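Me: Hi! I'm new to this one and would like a friendly walk through it. Could you put it up on the screen?

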Amino acid sequence: MTDAETAALVAAAAAGSNEAFTELVRGHHTLVFRWALAVTDNPDDADDLAQEVWIRAFRGLGGYRGGAKFTTWLYRITYNTVVEHDRKRQRQATA
């Protein structure tokens, strides 16, 4: 998917197009999953985290301003989601 195609899909998804958001997920889900897997080293956790990333991306899409590439924005959401997951896991382990 080109940057121009991604930008058009982001704009359409932000305007309320579920089809455009679905295409963004299709085009970038493997990337999000691989980022999460690289950190967790657990496919089940990575899959769960990828789903959480897409929920957060959907909710935050209106805040994406296009100053950075969509994948950079998506990576940041993924990173924050994985870090939060690790913190919760550490708290549960010490409780």
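Reply: Happy to. One term to begin with: helices (H or I, at least four residues) and strands (E, at least two) are DSSP runs, numbered from the N terminus. With that rule, Thr-40 belongs to helix α2. Please keep in mind that this is a predicted model, where local features need pLDDT of at least 70 and side-chain atom pairs count only at pLDDT 80 or more, while totals for chains, interfaces and linings use all residues. Residues are numbered from 1 along each chain as its sequence is written, and side-chain values use heavy atoms, with hydrogens and water left out.

Me: Good to know. How many helices and strands are there in the chain?
Reply: The chain has four helices and zero strands. Along the sequence the pattern reads α-α-α-α.

Me: And what does the C-alpha trace span along its principal axes?
Reply: About 45 × 20 × 20 Å.

Me: How much of the chain is buried residues?
Reply: Of the 95 residues, 28% are buried. Buried means under 20% relative accessible area, exposed means over 50%, and partly exposed is in between (1.4 Å probe, protein chains only).

Me: Back to Thr-40, then. Is it buried or exposed?
Reply: Thr-40 has a relative accessible area of 17%, so it is buried. Setting aside neighbours within four places in sequence, Thr-40 is in contact with Asp-45, Ala-46 and Leu-49. Contact here means heavy atoms within 4.5 Å.

Me: Which helix is Asp-45 in?
Reply: Asp-45 is in helix α3. Its relative accessibility is 15%, so Asp-45 counts as buried.

Me: What does the side chain of Asp-45 make a polar contact with?
Reply: With the side chain of Arg-89, at 2.7 Å. A polar contact is a pair of N or O atoms within 3.5 Å; within protein, one must be able to donate a hydrogen and the other to accept it, and residues adjacent in sequence count only if both atoms are side-chain atoms. Beyond four places in sequence, Asp-45 is in contact with Thr-40, His-85 and Arg-89.

Me: Which residues of α3 are buried?
Reply: They are Asp-45, Ala-46, Leu-49, Ala-50, Val-53, Trp-54 and Ala-57. Their cover includes α2 and α4.

Me: New topic: α4. How far apart are its end C-alpha atoms?
Reply: They are 37 Å apart, and this agrees with the 36 Å that the 25 residues of α4 (residues 70-94) should span at 1.5 Å a residue. The expected span is 1.5 Å times one less than the number of residues in the helix.

Me: Which residues in α4 are buried, and what covers them?
Reply: Phe-70, Trp-73, Leu-74, Ile-77, Thr-78, Thr-81 and Val-82 are buried. The cover includes α1 (3-14), α2 (18-40) and α3 (43-60).

Me: How many residues does the largest nonpolar core have?
Reply: It has 17, and Leu-24, Leu-61, Phe-70, Trp-73 and Leu-74 have the most contacts inside it. The elements giving it two or more residues are α1, α2, α3 and α4. A nonpolar core is a set of buried Ala, Val, Leu, Ile, Met, Phe, Trp, Tyr and Cys residues joined through side-chain atoms within 4.5 Å.

Me: What does Leu-61 touch?
Reply: Not counting residues up to four places away in sequence, Leu-61 touches Val-10, Ala-13, Ala-14, Phe-21, Phe-70 and Trp-73.

Me: Last one: how many aromatic pairs are there?
Reply: Rings of Phe, Tyr and Trp (its six-membered ring) pair if their centres lie within 6.5 Å; planes under 30 degrees apart count as stacked, over 60 as edge-to-face and the rest as tilted. By this rule there are seven aromatic pairs. The ring centres of Tyr-64 and Phe-70 are 5.8 Å apart with planes at 85°, so this pair is edge-to-face. Tyr-64 and Phe-70 are both buried. Ring pairs also join Phe-21, Trp-54 and Phe-58 into a cluster.
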